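User: I would like to go through this model with you, one topic at a time.

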Amino acid sequence: MKSDLKIWSFAEIAFQAELNRDDASDSEEDAFLLCGEDPDTKERRIDELRNMIKERGEAHPHRTDDAYLLRFLRARQSIPARAHRLLTRYCDFREQNPHLWRDLDWFSLRKLGHIFEGVLYDRPDVGRLIVCRMGLWDPDEIPVEDLVRACLLLLEIGIMQPKLQIVGGTGLLDCEGLTMKHMRQFSPSVAMQIMNIMVYSFPLHQRGIHIVNCSRFFETIFPLFRRFAPADDLWQKVYMHGYDISSLHRHVDPECLPKKYGGYRDPVSLELWLTKIKQYGSTEFDDEMKNLGYKNNY
């Protein structure tokens with residue numbers, strides 16, 4: 001019983017840390033190695049990015065404070081011109097897809113349960129591991145747009161945390177139970193939305209996308225997405241492992257993986273994660289979600 005309480009207390013500490021907005025003192029080295037962030041030039045580069053926004057008028061972010069702009073710089077190796085292009089794409093994406101976030105009760109997406117899972121163990125080489133278990137999704141009950149909304153929400157909340165801005169994330173797509181009924185839901189527009197969120201228009205270091213429990217038939221279908229996202233640098237980060245978990249382990253240390261995939265971690269469902277975010281939320285968090293366009297119905 002005492003052991004269970006100890007494990008639970010560690011879990012609660014991890015959940016509370018999800019809302020930490022402070023740069024950890026030990027993250028400076030990781031920020032330099034992973035994001036090219038030099039403490040001596042950080043403020044100057046933030047100012048350069050802010051001036052680009054004002055002078056070019058191409059992006060209209062809802063915030064331009066240092067902490068907000070820093071997340072875009074970190075996602076583009078602290079190069080202001082690249083960060084500005086990313087910020088512009090991010091603003092354009094939000095303007096073009098208001099149905100994915102505007103007036104959405106973010107807490108309602110807990111209905112997706114275990115379709116999305118995460119591991120609250122973030123390492124510089126892997127970042128935050130997010131699992132999408134597509135076979136658990138019932139298209140008759142949950143529209144495909146809600147999957148896209150959940151993916152966007154996961155990233156919007158996650159990227160508020162400075163640590164995740166630095167270490168980024170790794171995606172694991174589990175195709176167990178996936179059928180053509182699922183695949184037919186992904187229209188070209190939905191596929192492009194996913195590509196924008198995962199690769200082009202969101203301030204996130206994408207460490208890699210790993211596809212497991214996938215038959216050879218579906219392995220031939222996934223490359224068709226290249227019609228919507230032909231960039232070579234994206235597909236160099238996509239790894240097909242079939243049913244070979246040892247292949248996955250050659251790329252992702254089992255120390256970072258859930259037990260289902262031969263790892264050592266307990267996954268956290270989207271339902272539990274959002275419940276804890278709500279529990280440990282603050283006025284600052286609520287205001288930020290509201291400024292993004294989300295609403296709270298509680």
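This is a predicted model: local features need pLDDT of at least 70, side-chain atom pairs count only at pLDDT 80 or more; totals for chains, interfaces and linings use all residues.

User: Is strand β4 largely enclosed or open?

Analyst: Strand β4, residues 206–212, is largely enclosed by the rest of the structure, because 6 of its 7 residues are buried (under 20% relative accessible area; exposed is over 50%, partly exposed in between; 1.4 Å probe, protein chains only). Strands are DSSP runs of E with at least two residues, and helices runs of H or I with at least four, numbered from the N terminus.

User: Which way do β3 and β4 run, and how many bridges join them?

Analyst: Strand β3 (residues 169–174) and β4 run parallel, joined by 6 bridges; pairing requires at least two DSSP bridges. Asp174 has Val212 of β4 as its bridge partner.

User: And how do β4 and β5 pair?

Analyst: Strand β5 (residues 238–240) pairs with β4 in the parallel sense, over 3 bridges. There, His210 has Tyr239 in β5 as its bridge partner.

User: Turning to the backbone, what is the phi of Ser78?

Analyst: Ser78 is not a glycine, yet its phi is positive, at about 60°. Ser78 lies in the loop between α4 (66–74) and α5.

User: Is Ser78 buried or exposed?

Analyst: Ser78 is buried, its relative accessible area being 5%.

User: What about Asp103?

Analyst: Asp103, likewise a residue other than glycine, has a positive phi near 60°. Asp103 sits in the loop between α5 and β1 (116–123) and is exposed, with a relative accessible area of 54%.

Notes: Residues are numbered from 1 along each chain as its sequence is written. Side-chain values use heavy atoms; hydrogens and water are left out.
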